[in-house]
Each structure stands twice: as structure tokens, then as C-alpha cells.
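Okay, thanks for coming, everyone. Let me put the structure up and then walk you through a few spots in it.

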Amino acid sequence: MSLEQVAIGSTACVADVSGSDATSLRLLEMGLTPGVNVRVVGTAPLGGPLELELRGYRLSIRRHEAARVAIAK
Amino acid sequence: MSATPDGTASPDGSPLTAGRAGRPVVVALLGNPNTGKSTLFSALAGIPTRIGNYPGVTVEEKLGRYTHRGQSIELIDLPGTYSLVAKSPDEQVAVDVLRGRLEGVPMPDCVVMVADATNLERNLYLATQALSLGLPTVVALTLSDVADEKGITIDAAELGRRLACPVVRVVAPARIGIDALGDAILSVMQSPRQAPQGLDAHLAAVDARHEPAAREAIARYAWIEQLLSGVVHRQPPATRPLGERIDDALTHRLWGTLVFATTMLAMFSSIFWLATPLMDGISAGMDFLSGLVRGLLPEGAIRSLVVDGVLAGVGGVVVFVPQIAMLFLFVAILEGCGYLSRAAFLMDRLLCGVGLGGKSFIPLLSSFACAIPGIMAARTIENPRDRLLTILVAPLMSCSARLPVYLLLCGAFVPNVAVGVSWLRLPALVLAGMYAVGVVTAELVALVLSRTIFRGPPQPFVMELPGWRWPRWPVVLERVREAVWSFLQNAGTLIVTVSIVVWALSTYPRNERIIDADVAAHRAVLTTRLAGLPAGDLDQTDVAEELATLDTDDGLAAARRGAAQRHSALGRMGRLVEPLVKPLGWDWRLGCAALASFPAREVVLGTLAVIYNLGDIDPGEEEGGTALVRRLRAATWDGTNRKVFTLPVALSIMVFFALCAQCASTLVVIGRETKSWLWPVVTFTYMTVLAWLGAFATYQIGTWLGG
């Protein structure tokens, strides 16, 4: 299951970020590392980006970027 | 003696300038975007001594110079970056400067790592990378007052011990901690460097199946968590701060969208409508000045130069100031309260399909009022590729200067018939169509450019959404002042120059004999036409009337003015380009008007009025507009009775003006914002080609459909 599928308002724990390109590295650098808890705060209209809360701040990432973030069961 | 030139000593009494031989100390400001880095820059160095581009890239270079306790310090503001593993040209610049690899930029002696105290965990990521560079480093905790409000306390001394570098709390707008930061910079360069230990231990603990870069990132966060444990305490205040409650409303699905729509509407109407009275005031002021000059100077070349060249040019510059100031006031407030990122977040989906990003929304929306403030607002886009792409397509949005052209031509040449339902009129539909032509073309151009010359690895849209904070008024006002000033100073002089050149081209060469001959020939043409037309015919009245005005003083002066323009360099160029504009259904007079409207497209109506012997009337006013429409309706191709202005021609003119780059000010501002003359040339070329093709297709298809 990926971060893209997490319901709005719920919190999930990051298991892994797939891929080894710049985008995946940036996701890790922004703090989406394995073991961190992420709350999906909301989403922009028309299938826009997700709003996440982690490590005490808010981050927005696009859906296809969220799909790279695997969630621990 | 251990004293600095002004006799003061450093806090520990050691000499501050030792070994520096009096040369300024180079200090680089490094930090994540949105951390108050620019505010700290202003607090330390005041107004920048130099704003330019780094060599070879369109990334802004900002330098400042100040003196602290007698030591001269040169401050480099690095582009905001999240990591020293660069993923974009601006981040690469930050890395290159820090490593001393950028030619012409001195290697920094010291790094000030700007870290947002409200978001220390993420900000320390870059800090730990910066510390491993081995340069003397000071960590400045900005937004400390906001952190206090949120109940976040940071043990700066303990953090400093763990990081092995000074950590200074600052509140830049209130100048709290600025002196302490200055002292820390000077003292850190004296003390021996000791790199903080810890990354290696965490690196060993990371699962080996990850890529090396990923392992490093994971290890750094593990290290940061350890660094911060016991250093940061969060005690949520008893009552939730107002800022957080505002945040809740702004992120709410329904309220958030409503607030966004209202904000954008307010911003757009303020630059479209609120700026109008101010702009009218400026125009009236310029008219008054012109009148004054007309009264003071005798008729002749000097008066013409001052009134039609210089004053018209200056007026054409100053008139943009209300819109620029208005838009930047809005943008600076939105930026100051952290809402600009949220707007980008909400609009991202709409724009990422065509290769742009959410941050392009406000610049493009503003361009419907005027491309100049719109292009300037693209400064808020950090990613240079998105910024350039936005700047290149912004002039395609139909600005308010195109509206009078559309309105006049729609009203005069598009039949006022209902389309489907009685309230939907064809002229209104055509008007809306012109806006659509611009938007669709901009989308296509953005799409094509982003897949061709701007192709590159996809830029991650990983953007921080800063929480609500109150805008700092001095920062907001400085932003407005800077925008207006840079426009007046840099763009203004060039725009006035262009205006004077076009004035000269449309005035010279001037030969009274040729003008007299032209007026006489025109009188003869009208007389012949009148004789050939049946009495009571609509054209007959128009021709008779025009002939009659030639006998009045004003009418003769207007006709002579028209003749002078037709025989000027510009008029000759108009005839020269006739083969080029004929496929668009235009005669050489229209070609001439299009050339003359290069400084600003709204000039085209005034130019047409002069060419058609109406003199200096105002086609924007009802009376002037009606007179111009009547003259245009009666206009025929030279030597024939064939009408120039038909529906396909009117449409072809409108499409041309929707797509063309007939606005010298926009081109000058593009040059100034991209700091390169390549981009205005590219913009002018692609827009003119598209405008020609669009007008050609419109005229040819229109003529074919009309049989």
C-alpha cells in the first residue's frame, strides 16, 4: 500500500521510498524516511497534490510522487 | 595589538582581522526556502549592493556588504535549497559557491546556516550537510518568535555543543540576535574547526539494500533525531494560537477553496479595477503636462519630440506603476503569511498538465490585467525552468490593453446577432473567443516548450506548505518598493527610448511638398469617388463629409498629419511590409499601424485614426470611437472601391493582436527579469510568427466560409 491510498485524516508509517532518481531522493531528504509517521491532512481539488504533516511541518507532494512511498501495514 | 581598525575587540579579545590583510570576510547565507533568509539578509547588510545573475545561469545572485565591529563583511545570499545534493540549477549554484567552484565568486570564509526554529528537524538536514563541508559555520535560528508562540523551546547552547558550532537565536525583523550573530561569525573563524561526529555511526545502522544516497538521507535523519532529543521541547500553548486556527480554515476542503477563490478574485480585481482610477489619473496628469508644453513651446520638431516622444514615453512607463505596486502588495502579503505556497498547491493540478507548476498560477492570472506585473510576479517561482516558461507564455494572456482593440472591432464589424439563445450575442462570443485564443495558445506553447527545449529530468514538486504567519509590514513594503523601483529604473529608461525611436520613425523624413501633394491627391480621389456614387448611398454621405472636413482648418491639419505619417520612415516601412500583411487581408495602412503599435498595442487605434486623417482623437472615447469606426468602414483598397475592413479582416486583426508581442515594455521587462536579451528576442519571434499564422488562418478560413 502506498501513501497515495491513505485516507484523508489518517496517519501512516513510512516503510520505504521506491526508485533511486532525484525525486525519490528529495522525498527522503524532506523527511519521508522509513519509520516516520505521516498524517495525510488533505488534498487539492481535481486530483491535485496531497498535503502531508510530518516531523512538525507540512509538505505537499504530487500523487504520482506519493505512489512511490510505501506504507507499513 | 589585538584591536580591529576601529579599536573594538572581539568578544574573546582576539584580533578580528588577523591573517585577513584587511580584505572583507566572505559570508554565505545558506538555508531552505521560506526560512526568512532574505529578511535576515536585510537585517545584516541592508539594501543589496549588487543583484545580478550567477555566470551562465538565470539564478539570481544577491550580494551585500556591511561592517561589524570594524570588520568589513561581504554577504552572499545563496538560492534557497533543501539539500546540498543539488537537483536544480539554483541548488547547484548554492553547492558550487560553497565549494568555491563558481568562477568570479569568492569561496566563502564562513557559512551562516539559516534554520527555521519552527521546523528544526527538516532544516537541520541541510545544516548537517553544510557542517560536513568543513567551513566555519554558524547556525541562525530564525522565526524564533513564531516558535515561541507555538510553544517550541530550543536549547540553543546544547544544540551548539552537539553540532560543534555556535547556534544563535534571531528575530530578524526586530533585529534581535543580529549583533550576537555578527559576533559569532567573527569568532567562529578564529576557533579551530571540529566537525560534529555521529553520521558514520548512523550510516552503519541503515539497511544496506538502499542506494548510497538514500542511505545517507536515512542516516542523517536518524542522527538529527538523536541531536534534537532533549534539545527541542514542544509545549502546545493552552489556547491554540490564532495562526493555527486560521490554518485550519485555509486547509478546509470547502472553506479553503472559497477563501482561495475570493483571494484570487480580490487580487485580480484590484489590479484590473482598483488600479484603473490611478492609471487614469496618471494619464490625465500626463495630458495636462502635454497641454502645458504645447502652450509653452512653439509648434515644431522640438514640441513634437517633447510631447509625442518623451512625454508619451514617460507616461507609458509611469502608467504601469499602480498595477505593479498593487500586485506586489498582494503577492508580498500572500508570501509573508505563507499563503503563496498554498495557492500553488491548490492550482498545481490545473497547470502541471501543460508542463507548468502551481506557482505559475498567480503570474499568469495577473497577466490578464497586464503582463508586466505578471512577469515580475514570476520572481516567486523558485524553479528557474518553470519561471522562464511562465515568463515566456505570460504575454499570451489577453491583457487589458487588448480590450479596447477587441471592443472596437467586435462592436463595429461583428454582426450583432443572437447565437442559439437571445441573450448570447455573437460579438460577446467573439470577445470571449479572443481570450480563449490566448489561453489555449499559451497552454500549447508551454506544452511544446516543456517537451522540447526545456526538456529535462522531471522536477520534483515537493513543496513545503508553511503555516500561517502574520506578514511583516516592512518586508512587504520593501518588496513593493523594490518592484516599482527596479521597473522604473531599469525598464523605464529603455521604454522611453523605444518610444522616442518610434516617434522619430513616424515623424521623419518630413517633406512639406510631398505632404501638400498627398493631400491634393487625396482630395482628388475623394472627388472622383463621390462622383461615382449614387446619391443617398451610405458611402456617399461618408465621402461627402470627409471631403467637406478637408476645407476646415482642423480637418486639413489632420489630413496633413496623416500624410506626414504615411510618408514617414514608418509609412514607408508599412508599404514595404505590405506583401507580408496582404495574406492577412490587410492593406499597407494596417501594416503601418501594426508597426507603429510596437511600443504598446493600445496605440494601434490612435495610429489608425492618424492614418485615416482623423488627427489626434481618442478612439477610447465614444465620440472618437464612432468617428474611427465610420472612417474604417468607408476605407477602401488604394485605387479601388473594394472595402478593407470586412468581418474576416476584423477577426484577423483581433487574432493578430491577441497573439502578437506588440508591447515593448513587456519585452524590456522580460529582458530585465531574465537578465538576458535572448529571451525577449525569442518571445518576440515566436509570438509574431504565431500571430501571423493565426491571423492568416483566420482571414483565409473566414474568406473561404464567407464565399
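**A few spots in chain B**

Let's begin with B:Lys675, which is partly exposed because 15 other C-beta atoms lie within 10 Å. The rule is this: 20 or more other C-beta atoms within 10 Å of a residue's own makes it buried, 12 or fewer makes it exposed, and in between is partly exposed, with C-beta atoms placed from the backbone. B:Lys675 has a positive phi of about 50°, and it is not a glycine. You'll find B:Lys675 in the loop between α29 (664-674) and α30 (678-705) of chain B.

Quick housekeeping: this is a predicted model, so local features need pLDDT of at least 70 and side-chain atom pairs count only at pLDDT 80 or more, while totals for chains, interfaces and linings use all residues. Residues are numbered from 1 along each chain as its sequence is written, and chains are lettered from A and ligands numbered from 1 in the order in which they are written. Helices (H or I, at least four residues) and strands (E, at least two) are DSSP runs, numbered from the N terminus.

Next, B:Leu143: buried or exposed? Buried, because it has 27 C-beta neighbours inside 10 Å. B:Leu143 also has a positive phi, about 55°, and sits in the loop between β6 (137-142) and α4 (144-149) of chain B.

Then there's the peptide bond from B:Tyr508 to B:Pro509, which is cis, with omega near -10°. B:Pro509 is in the loop between α19 (473-507) and α20 (512-532) of chain B. Why point these out? Because most residues other than glycine have a negative phi, and most peptide bonds are trans.

Last one: helix α3(B) is mostly covered, with 11 of its 12 residues buried, including B:Arg122 and B:Tyr125.
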